[in-house]
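Hi,

Here is the model I said I'd pass on.

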Amino acid sequence: MTGPQETRTTWTRERVLDAMRGRLTVSCQAYPGEPLRDPRTTAQMARAVVAGGAAAVRAQGLDDVAAVVAAVDVPVVGLWKDGDGGVFITPTLRHARAVADAGAHVVALDGTRRPRPDGLTLAETVARLRETTDALVMADCGSLHDALAAQDAGVDLLGTTLAGYTGERPKTPGPDLELVDEVVAACSLPVVVEGRVHTPAQAAEAMARGAFSVCVGTAITHPTTLTSWFVDAFPTPG
Ligand SMILES: CC(=O)N[C@H](C=O)[C@@H](O)[C@H](O)[C@H](O)COP(=O)(O)O
């Protein structure tokens with residue numbers, strides 16, 4: 001009899017890219033102190049979004065990444081947030097190696113031009129990461145200049161993840177489609193549109209503008225924020 005482990009996909013670079021191309025990635029993250037912050041819950045959430053058609057899952061934290069990799073047979077974009085200001089998304093080579101060791105098929109890291117805490121450049125980080133892993137590298141960028149620099153640094157995928165969070169771009173209510181247009185026009189690498197994609201129409205618009213994949217987090221997997229959207233739509237009682 002064939003067990004589930006024996007039928008799991010071997011995620012070569014080409015397979016990862018083929019799986020993600022033109023499709024939805026869903027970010028499954030709960031934040032420190034939140035009720036759903038548990039790797040088992042994240043893994044269940046990952047299975048739920050894959051059942052709905054997610055082609056890839058993004059997860060944060062080493063335990064969550066490992067749990068999600070074990071739970072689903074789609075590519076996992078892993079990251080490790082350390083802190084919440086400045087360079088905090090997989091900020092150093094040590095963090096990036098640990099995310100790859102946890103089983104991520106794509107390591108998402110800070111792809112901005114800001115100094116990194118370990119003093120390495122993004123290019124050095126990518127080069128040294130490649131010495132120990134075949135995982136792809138996704139640069140979470142905050143501007144066109146970040147994306148161009150990250151492309152030169154040798155990453156595999158560009159994300160608009162940090163648009164509106166680094167001071168270089170306004171924090172648009174929805175995805176920063178102006179930046180999407182700029183990055184798609186100026187860069188040759190696949191572009192993952194991520195950040196404040198809150199509706200299916202916005203996701204489809206991002207795809208129409210040339211996204212390689214669209215990554216949705218909050219609007220699918222963060223019920224506390226979703227609830228607040230409804231609560232805030234009501235007039236204040238009394
Ligand atoms: C800026 C930052 O820290 N972004 C994080 C990156 O992993 C997550 O908190 C976001 O949820 C994720 O990017 C998806 O975006 P949204 O939740 O807006 O769909």
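A word on naming before anything else: helices (H or I, at least four residues) and strands (E, at least two) are DSSP runs, numbered from the N terminus. By that scheme, Leu 24 belongs to strand β1. Residues are numbered from 1 along each chain as its sequence is written. Keep in mind that this is a predicted model: local features need pLDDT of at least 70, side-chain atom pairs count only at pLDDT 80 or more, and totals for chains, interfaces and linings use all residues.

The fold first. Eight strands close into a barrel, ordered β1-β2-β3-β4-β5-β6-β7-β8, with parallel pairing (two strands pair if DSSP finds at least two bridges between them). On average, neighbouring strands of this sheet are turned by 25° against each other, direction ignored. For angles, axes are lines fitted to C-alpha atoms, for helices over the stretch in contact, and values run from 0 to 180 degrees between N-to-C directions.

Val 26 has a bridge partner on each side: Val 57 in β2 and Val 216 in β8. β1 is mostly covered, with five of its six residues buried. Here a residue is buried if 20 or more other C-beta atoms lie within 10 Å of its own, exposed if 12 or fewer, and partly exposed in between, with C-beta atoms placed from the backbone.

Back to Leu 24, which counts as buried because it has 20 C-beta neighbours inside 10 Å. Leaving aside neighbours within four places in sequence, Leu 24 is in contact with Gly 53, Ala 54, Ala 55, Ala 203, Val 214 and Val 216 (contact means C-beta atoms, placed from the backbone, within 7 Å). Leu 24 and Ala 203 are 179 residues apart along the chain, yet their C-alpha atoms are separated by 8.4 Å. Helix α8 (residues 200-208) lies across β1, β7 (191-194) and β8, at about 155° to β8.

Which residues have the most contacts inside the largest nonpolar core? They are Val 57, Val 68, Val 107 and Met 138, in a core of 69 residues. Such a core is a set of buried Ala, Val, Leu, Ile, Met, Phe, Trp, Tyr and Cys residues joined through C-beta atoms within 7 Å. Helix α3 (residues 62-71) gives the most to this core, with six residues. Not counting residues up to four places away in sequence, Val 68 touches Cys 28, Thr 42, Ala 43, Ala 46, Val 57, Ala 59 and Val 76.

Now the ligand. It is surrounded by 16 residues, the closest being Ser 27, Tyr 165, Arg 196, Gly 217 and Thr 218 (a residue is near if its C-beta atom, placed from the backbone, lies within 6 Å). The elements giving two or more residues to this shell are β8 (213-216) and α9 (218-221).

Most residues other than glycine have a negative phi. Arg 196, in the loop between β7 and α8, has a positive phi of about 60°, and is partly exposed, with 19 other C-beta atoms within 10 Å. Thr 90, in the loop between β3 (76-79) and α4 (93-101), has a phi near 40°; Thr 90 is buried, with 31 other C-beta atoms within 10 Å.

Cheers

Technical notes: Contact = placed C-beta atoms within 7 Å.
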